[in-house]
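Try each task on your own before reading its solution.

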Protein chains: 4
Amino acid sequence: MINFALFGAGRIGALHAANIAASHPRARLSCVYDLNPAAAAAIAGKHGAKASPNVDAALADPAIDAVLIASSTNTHVELITASARAGKAILCEKPIDLDIELVERCRREISGTGVPIQIGFNRRYDRSHGAVRESDVGALELLVITSRDPGLPPLPYLKVSGGIFRDMTIHDFDLARFILRDDAIEEVFATGSTLVEPALRELGDVDTAMVIMRAASGALVHINNSRRAVYGYDQRVELFGAKGMVQSENLRSSTVKRHDARATDAKEPLLNFFIERYQQSYADELNDFIDAVANERQPSVGFDDGRCALILANAALESMRSGKSVRVNYG
Amino acid sequence: MINFALFGAGRIGALHAANIAASHPRARLSCVYDLNPAAAAAIAGKHGAKASPNVDAALADPAIDAVLIASSTNTHVELITASARAGKAILCEKPIDLDIELVERCRREISGTGVPIQIGFNRRYDRSHGAVRESDVGALELLVITSRDPGLPPLPYLKVSGGIFRDMTIHDFDLARFILRDDAIEEVFATGSTLVEPALRELGDVDTAMVIMRAASGALVHINNSRRAVYGYDQRVELFGAKGMVQSENLRSSTVKRHDARATDAKEPLLNFFIERYQQSYADELNDFIDAVANERQPSVGFDDGRCALILANAALESMRSGKSVRVNYG
Amino acid sequence: MINFALFGAGRIGALHAANIAASHPRARLSCVYDLNPAAAAAIAGKHGAKASPNVDAALADPAIDAVLIASSTNTHVELITASARAGKAILCEKPIDLDIELVERCRREISGTGVPIQIGFNRRYDRSHGAVRESDVGALELLVITSRDPGLPPLPYLKVSGGIFRDMTIHDFDLARFILRDDAIEEVFATGSTLVEPALRELGDVDTAMVIMRAASGALVHINNSRRAVYGYDQRVELFGAKGMVQSENLRSSTVKRHDARATDAKEPLLNFFIERYQQSYADELNDFIDAVANERQPSVGFDDGRCALILANAALESMRSGKSVRVNYG
Amino acid sequence: MINFALFGAGRIGALHAANIAASHPRARLSCVYDLNPAAAAAIAGKHGAKASPNVDAALADPAIDAVLIASSTNTHVELITASARAGKAILCEKPIDLDIELVERCRREISGTGVPIQIGFNRRYDRSHGAVRESDVGALELLVITSRDPGLPPLPYLKVSGGIFRDMTIHDFDLARFILRDDAIEEVFATGSTLVEPALRELGDVDTAMVIMRAASGALVHINNSRRAVYGYDQRVELFGAKGMVQSENLRSSTVKRHDARATDAKEPLLNFFIERYQQSYADELNDFIDAVANERQPSVGFDDGRCALILANAALESMRSGKSVRVNYG
């Protein structure tokens with residue numbers, strides 16, 4: 001039995017809390033902390049956990065085996081560091097931080113603690129994307145990732161999001177690394193436009209973006225993003241190689257097709273967003289973490305994966321600003 | 001070069017005329033006859049043919065090699081008989097006639113003339129239905145034919161149509177025989193409802209029908225029909241056997257898929273009707289006939305195919321009236 | 001909190017036990033009984049329940065609110081009767097019994113007990129079939145149900161199964177009734193062949209079947225069944241009416257499409273069987289039952305639904321034997 | 001009636017000759033010239049035309065209304081210039097030339113002749129791509145063009161092809177311009193790899209490429225190419241905007257879907273190459289040209305479209321070499 005402390009009682013925290021509860025008898029939600037005590041109490045109450053008055057109390061509790069960090073991004077590094085020092089296993093939502101310097105410092109500070117740290121790149125656990133990765137298309141030549149959100153987050157969030165590449169595309173950078181395996185991405189070109197929300201222009205951010213990356217093998221990767229797809233959360237992966245092509249398509253809540261005087265084969269809009277689309281992934285992600293902790297092995301998606309995805313996001317940002325292809329330096 | 005006389009200058013006659021013209025240099029439309037001289041003249045003029053004042057003149061012309069009979073059903077038997085006696089090769093639209101007695105008599109009368117006679121079961125030439133037939137599904141167990149027209153023909157036509165089984169389902173009966181090859185249909189059950197056009201009730205006809213047939217091997221066949229599918233002309237075949245299933249799907253005029261806030265993967269309505277849907281089939285049907293004539297071989301779809309399809313249609317009608325499964329007697 | 005006794009610790013019992021456990025905090029598995037005590041103990045142990053030495057002990061326990069009957073069909077009537085007398089809410093797997101006389105007697109015996117009784121027609125809870133039913137296709141004209149199992153059950157099971165119509169098609173009869181709502185099925189024609197397992201011939205049973213039914217409105221229903229679809233569990237529903245068509249398609253475990261030199265758009269085989277295909281349905285079925293019990297309302301799928309589906313299955317059997325369409329008498 | 005002289009009797013010349021013949025009575029193939037007299041004679045003989053001993057003879061013939069230039073690329077400019085001076089309407093295969101200087105000079109030399117000149121960008125006439133272009137997706141934000149050939153042309157051809165961007169991607173550059181309408185492409189980034197045919201490395205050419213372009217509106221365009229798709233000629237267009245997405249999918253020769261123990265929904269490989277895939281486009285392209293000549297209007301796809309596509313291809317080449325995004329200068 002793994003006892004969890006949950007830091008962060010927002011939407012994603014609530015999801016993780018429910019998954020921990022559903023993982024019984026392997027896991028138990030022990031306590032919940034949030035800046036907003038009412039939010040923490042609500043989730044705690046729902047799952048028979050207690051609300052923690054602060055982080056330190058939770059970390060000091062020897063009954064706590066693991067922490068799940070689902071608080072705002074700017075608290076991640078501090079919570080990771082403190083939790084690692086307290087010897088707790090860590091499952092932290094992406095990104096580690098927006099500032100690569102802070103990430104590097106965090107890496108140095110927790111080196112030697114030996115605690116398992118997993119970064120919440122949930123798409124790695126999606127069954128369809130996973131099946132694409134396992135497919136044999138021969139030598140990989142082209143990888144195309146389509147990743148479009150159903151709608152923009154609120155402006156206050158966008159202001160502290162770190163921009164589209166570090167906030168949204170970072171999932172796609174990680175997915176590309178996951179599919180490419182040992183074939184390192186060496187070069188990044190990126191560009192973007194502000195076509196959906198004009199207010200982003202003042203923030204120097206974009207809502208529509210395209211990326212091309214080149215891997216060591218010569219394989220080419222394309223990512224395209226939009227912050228607004230009116231037909232739902234569009235998440236597709238296409239892998240092309242010497243032997244053929246494999247695609248993972250979108251999910252819908254039913255298999256129904258309608259035919260009338262105006263259209264045929266019409267399906268319902270795509271599942272709306274990540275909570276629905278990646279429901280299975282979130283559950284499997286947690287179970288993989290629990291398994292790593294229980295078996296004292298390193299998690300499948302580690303701190304360095306979080307660091308490398310951020311490095312790619314930074315390269316994309318630099319490329320968009322300079323108009324040049326950027327060589328990636330993983331340090 | 002095969003010189004054709006066309007009997008019947010309606011919609012289907014015009015189609016065949018254009019296909020004959022497109023078959024050059026293998027075929028030529030020499031003359032056109034229709035009860036309505038203006039209609040004959042229009043088609044003749046378009047393709048550099050002459051209008052015939054009557055059938056006899058056309059049949060007496062030694063330059064004519066073949067006749068294409070696209071006139072109304074009640075003239076087929078007479079035209080077949082006269083053309084066969086005149087030694088012309090014959091391509092006749094389905095059905096041969098609505099009355100099996102007349103068909104049998106026609107068969108006797110033309111026996112011995114040795115002219116090639118082909119019945120216009122165009123679906124046998126559809127590339128997709130054909131690929132289904134050629135597929136290896138192991139021992140055939142289930143065959144499901146979905147066949148729905150986009151809309152009702154006018155009432156005057158319906159009154160002389162012979163009813164849904166002899167007018168519309170007859171294509172499906174033939175398609176079933178084509179796919180089953182040597183496995184003879186032995187038993188027919190059919191039923192129907194008048195759900196679209198109440199006036200059919202007075203005619204003893206239905207617009208919505210279902211059929212089950214059993215072949216000698218035990219394979220089962222289902223046909224379902226409607227006279228009105230608002231999304232277009234719905235033509236599908238599904239073959240199921242010991243090794244799997246093969247389906248032929250509908251055609252559309254483009255491959256476009258639309259996604260908006262209400263629907264995803266929405267395609268356009270199906271091609272509207274037989275002229276559009278079976279365009280390739282009509283052309284290939286004619287070319288196969290030309291090939292048979294040129295090479296002095298029997299056509300692939302013969303008089304007996306027309307006769308057997310009518311026998312199945314009659315069995316369906318008898319079954320619908322009696323509520324009993326009917327054993328088929330091919331005579 | 002609803003406390004359950006589970007009768008029957010086979011494959012389907014294990015599924016229900018897990019779903020009850022997952023329904024916490026609304027439900028709890030209290031005890032499990034099976035003729036095979038080891039099987040009962042295994043499931044009980046897994047979910048923190050106790051194994052019951054016999055049915056009477058479970059029914060005598062006032063802490064038990066509901067029973068879930070997942071034992072062999074020939075025990076259903078007795079268990080329903082005893083449970084109803086003990087005042088327990090009942091969720092019983094289909095069919096109620098193979099003998100309509102026993103079902104009628106059971107109905108009389110439990111009338112007046114007022115306990116909620118739900119029959120396990122899981123397909124009514126399938127999200128896709130459900131969406132089809134809710135769709136507006138205008139006046140319903142044609143309903144086509146394709147229902148094919150991936151493989152035959154063992155012969156010993158088949159010997160006591162009651163034949164394909166009462167064992168397998170019964171789900172489709174119920175689904176047709178569900179979709180037709182108040183439009184009663186009045187007439188049944190059925191036929192079948194033994195094409196997969198020759199041993200069935202001696203049992204007078206078939207493994208391949210087709211049914212046509214007519215509803216009061218004139219709407220026509222087709223069902224086709226096979227006991228062996230090598231590509232997986234094939235479960236489709238097609239609804240056709242004055243305004244268009246709606247179809248529910250099969251489920252697969254991922255959305256992957258493969259393209260190579262031999263094929264394009266190739267997806268994986270269908271989910272193998274009911275446990276996987278109707279996972280969501282089984283969970284929702286149980287939750288609907290729990291909701292009915294908790295809110296003291298009648299279950300959505302009642303005893304009479306089980307009775308009527310059996311009447312249709314019997315009519316199909318009679319039709320197959322007589323070669324005639326059978327008028328349905330619901331008594 | 002438009003009388004054509006055909007220059008070039010290779011594969012694509014033969015296609016055009018057949019289309020001219022099929023366009024009767026609007027067009028006639030009068031003469032054919034090729035460096036290889038036997039090739040010219042073969043096509044001429046097939047369609048009742050005569051073989052020309054040289055270009056000048058054909059251009060001097062006042063009965064010739066139009067020329068169709070399907071010879072090797074390095075002869076295009078000279079033939080266009082001579083034909084324009086001779087007052088013939090011109091339909092010339094893409095590209096005009098590989099050297100933008102020659103193209104500019106040609107433009108100057110033929111200015112003032114006023115003859116209709118159409119460039120053979122056949123994809124503009126594809127019904128599905130065309131329907132995509134006509135679709136209302138709101139303000140256009142993303143355009144993704146997937147364009148992969150089934151296999152490499154022979155090395156001797158590749159050596160004089162001008163490289164992937166000017167030989168193959170040039171179709172996609174034109175298609176992007178066609179879909180973007182008045183929204184000019186201002187910036188191009190491109191990269192490529194040699195993953196299929198190592199010999200291309202010595203030619204400084206690639207066989208696998210990705211492009212990102214930015215239009216004046218901020219709309220982003222992605223193109224990905226491969227010279228080898230083992231599943232057939234992969235030609236897709238995806239248009240994404242404020243109101244939704246529209247895609248044009250690939251064509252196959254039938255609609256058949258196969259299901260067996262290994263795969264479901266498996267379709268046949270895509271049509272193999274441009275002659276098959278764009279059959280309808282080639283016919284419509286010719287008919288549009290004939291219509292322009294007959295009605296004395298400017299062709300829909302003009303000389304400047306050929307020039308602009310070459311400018312984009314050159315920008316892509318420069319970008320691939322420099323690693324920088326290139327501003328497009330249309331001169």
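**Exercise 1.** Is B:Glu296 buried or exposed?

*Solution.* This is a predicted model, so every value here is computed. Start with the cut-off: a residue counts as exposed when its relative accessible area is over 50%. B:Glu296 has a relative accessible area of 76%, so B:Glu296 is exposed. Next, find its place in the chain: B:Glu296 sits in the loop between helix H11 (279-294) and H12 of chain B. Finally, look at the backbone: phi of B:Glu296 is positive, about 50 degrees, although the residue is not a glycine. That deserves a second look, because most residues other than glycine have a negative phi.

**Exercise 2.** Find C:Asp265 and decide whether C:Asp265 counts as buried or exposed.

*Solution.* Go to the loop between strand S13 (256-259) and helix H11 (274-277) of chain C, where C:Asp265 lies. Its phi is near 60 degrees, a positive value in a residue other than glycine. Now apply the cut-off for buried, which is under 20% relative accessible area. C:Asp265 has 10% relative accessibility, so C:Asp265 counts as buried.

**Exercise 3.** Which residues does a cis peptide bond join in chain B, and which does one join in chain C?

*Solution.* Remember that most peptide bonds are trans. In chain B, the cis bond joins B:Lys94 and B:Pro95, with omega about -15 degrees. In chain C, the bond from C:Lys94 to C:Pro95 is cis, and omega is near -10 degrees. Then place the prolines: B:Pro95 is in the loop between strand S5 (89-93) and helix H5 (100-110) of chain B, and C:Pro95 is in the loop between strand S5 (89-93) and helix H5 (100-110) of chain C.

**Exercise 4.** How far does helix H1 (residues 11-22) of chain D reach from its first C-alpha to its last?

*Solution.* H1 of chain D has 12 residues, and at 1.5 Å a residue the expected reach is 16 Å. The helix in the model reaches 17 Å, close to that value. To finish, pick out its buried residues, including D:Ile12, D:Leu15, D:His16, D:Asn19 and D:Ile20. As you do so, keep in mind that an α-helix has 3.6 residues a turn, so residues three or four places apart point the same way.

Terms used
Residues numbered from 1 in each chain as written. Chains lettered and ligands numbered in written order. Predicted model: local features only at pLDDT ≥ 70, side-chain atom pairs only at ≥ 80, totals over all residues. Heavy atoms only, no water. Helix = DSSP H or I, 4+ residues; strand = E, 2+ residues; numbered from the N terminus. Expected span 1.5 Å × (residues − 1). Buried < 20%, exposed > 50% of the residue type's maximum accessible area, 1.4 Å probe, protein only.
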